[in-house]
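I opened this notebook to keep track of what I looked up, entry by entry.

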Amino acid sequence: MITREARELRLLAVLTLPGVERSVRHARLFLRDTLVPDHVAPGGELLDDMALVVDEFAGNCIKHTASGRGGKFHVALWAGDGVLRAEVSDEGASGARPVLRDAADGESGRGLLIVAALASRWGHRADGPRTTVWAEFAAGTFG
Ligand SMILES: Nc1ncnc2c1ncn2[C@@H]1O[C@H](COP(=O)(O)OP(=O)(O)O)[C@@H](O)[C@H]1O
Ligand SMILES: [Mg+2]
């Protein structure tokens with residue numbers, strides 16, 4: 001079985017931002033500036049999908065975790081053989097973790113459903129009280 005460790009992902013860049021709403025835009029620009037043009041074609045669907053996922057992750061940090069109450073969050077971008085990976089790490093939510101909510105809940109609770117639909121894989125891991133949420137995408141010939 002191929003594990004993440006065996007796939008040799010290479011860290012491209014990390015950015016730390018304050019946990020405020022304006023930072024979501026900076027996270028998106030950082031994603032584009034890091035990946036285009038070496039890893040992702042400009043203006044393509046992959047870039048749009050990854051930007052949407054990073055938006056959702058960053059928004060969740062700000063809305064649901066201590067990052068959004070005077071804290072920070074981190075965006076890390078990884079590349080491997082045919083795969084790109086975005087990770088967003090927050091400052092924790094008193095032990096609460098990301099959960100997929102039923103789409104029937106209405107306006108809220110759709111962010112992670114969108115992530116699940118767009119990413120080839122996604123998940124999260126705990127680091128003490130902190131959470132790192134990650135999503136992977138097939139990188140095609142650019143990876
Ligand atoms: N980084 C996170 N840390 C802790 N809980 C989270 C995090 N991200 C999401 N969640 C939880 O997962 C739920 C679903 O997230 P999401 O689908 O983005 O919906 P929404 O943000 O609109 O509530 C959130 O309501 C929240 O309870
Ligand atoms: Mg959300």
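**Entry 1: S94**

I looked up S94 and found that it counts as exposed, because it has 7 C-beta neighbours inside 10 Å and a residue with 12 or fewer is called exposed. I note for everything that follows that this is a predicted model. S94 is found in the loop between strand 3 and helix 3, and its phi is near 55 degrees, which is a positive value in a residue other than glycine.

**Entry 2: the whole chain**

I went through the secondary structure and found three helices and five strands in the protein, which run β-α-α-β-β-α-β-β from the N terminus on. I then checked the radius of gyration, which is 15 Å and close to the 15 Å that the globule rule gives for 143 residues, so the protein is as compact as a globular protein of that length. Along the principal axes, the C-alpha atoms fill a box of roughly 40 × 30 × 30 Å. I also noted that 31% of the 143 residues count as buried. Taking the contacts between residues at least 6 apart in sequence, I found that 68% of them join residues at least 24 apart.

**Entry 3: helix 1**

I compared the length of helix 1 with what its residue count implies: at 1.5 Å a residue its 14 residues should span 20 Å, and its end C-alpha atoms are 21 Å apart, which agrees. Which residues of helix 1 are buried? I listed S23, A27, L31 and L35. Seen down the axis of helix 1, these buried residues fall within an arc of 95 degrees, so they line one face of the helix. On the face turned away from the buried side of helix 1 I found the exposed residues R22, R25, L29 and D33. I wrote down that the cover over the buried residues of helix 1 includes strand 1 (10-18), helix 2, strand 2 and strand 3.

Is V40 buried or exposed? V40 is buried, with 26 other C-beta atoms within 10 Å, and the count needed for that is 20 or more. I followed V40 to G140, which is 100 residues away in sequence, and found the two 8.7 Å apart in space, C-alpha to C-alpha.

**Entry 4: helix 2**

I repeated the length check on helix 2, whose 20 residues should span 28 Å at 1.5 Å a residue, and its end C-alpha atoms are 28 Å apart, which agrees. The buried residues of helix 2 are L47, M50, V53, V54, E56, F57, A58, N60, C61 and I62. What covers them includes helix 1 (22-35), strand 2 (72-80), strand 3 (83-89), helix 3 and strand 5.

I found that the buried residues of helix 3 are G111, L112 and V115. Seen down the axis of helix 3, they fall within an arc of 90 degrees, so they line one face of the helix. The buried residues of helix 3 pack against helix 2, strand 4 (121-127) and strand 5.

I114 also has its place in helix 3, and I recorded I114 as partly exposed, with 15 other C-beta atoms within 10 Å. Leaving out residues up to four places away in sequence, I saw that I114 touches L52 and E56. I looked as well at R85, which lies 29 residues from I114 along the chain, and the C-alpha atoms of the two are separated by 16 Å.

**Entry 5: ligand 1**

How many residues surround ligand 1? I counted 20, of which the closest are N60, A93, S108, G111 and L112. Helix 2 (45-64), helix 3 (111-118) and strand 5 (130-138) each supply at least two residues of the shell around ligand 1, and the largest share, five residues, comes from helix 2. By residue kind, I found that the shell around ligand 1 divides into seven nonpolar, seven polar and six charged residues.

Technical notes: Residues are numbered from 1 along each chain as its sequence is written. Chains are lettered from A and ligands numbered from 1 in the order in which they are written. This is a predicted model: local features need pLDDT of at least 70, side-chain atom pairs count only at pLDDT 80 or more; totals for chains, interfaces and linings use all residues. Helices (H or I, at least four residues) and strands (E, at least two) are DSSP runs, numbered from the N terminus. The radius of gyration is taken over C-alpha atoms; the globule rule is 2.2 Å times the number of residues to the power 0.38. Two residues are in contact if their C-beta atoms, placed from the backbone, lie within 7 Å. A residue is near a molecule or strand if its C-beta atom, placed from the backbone, lies within 6 Å of it. Ala, Val, Leu, Ile, Met, Phe, Trp, Tyr, Cys and Pro count as nonpolar, Asp, Glu, Lys and Arg as charged, and the others, Gly among them, as polar. The arc is that of the directions from the helix axis to the C-beta atoms. The expected span of a helix is 1.5 Å times one less than its number of residues.
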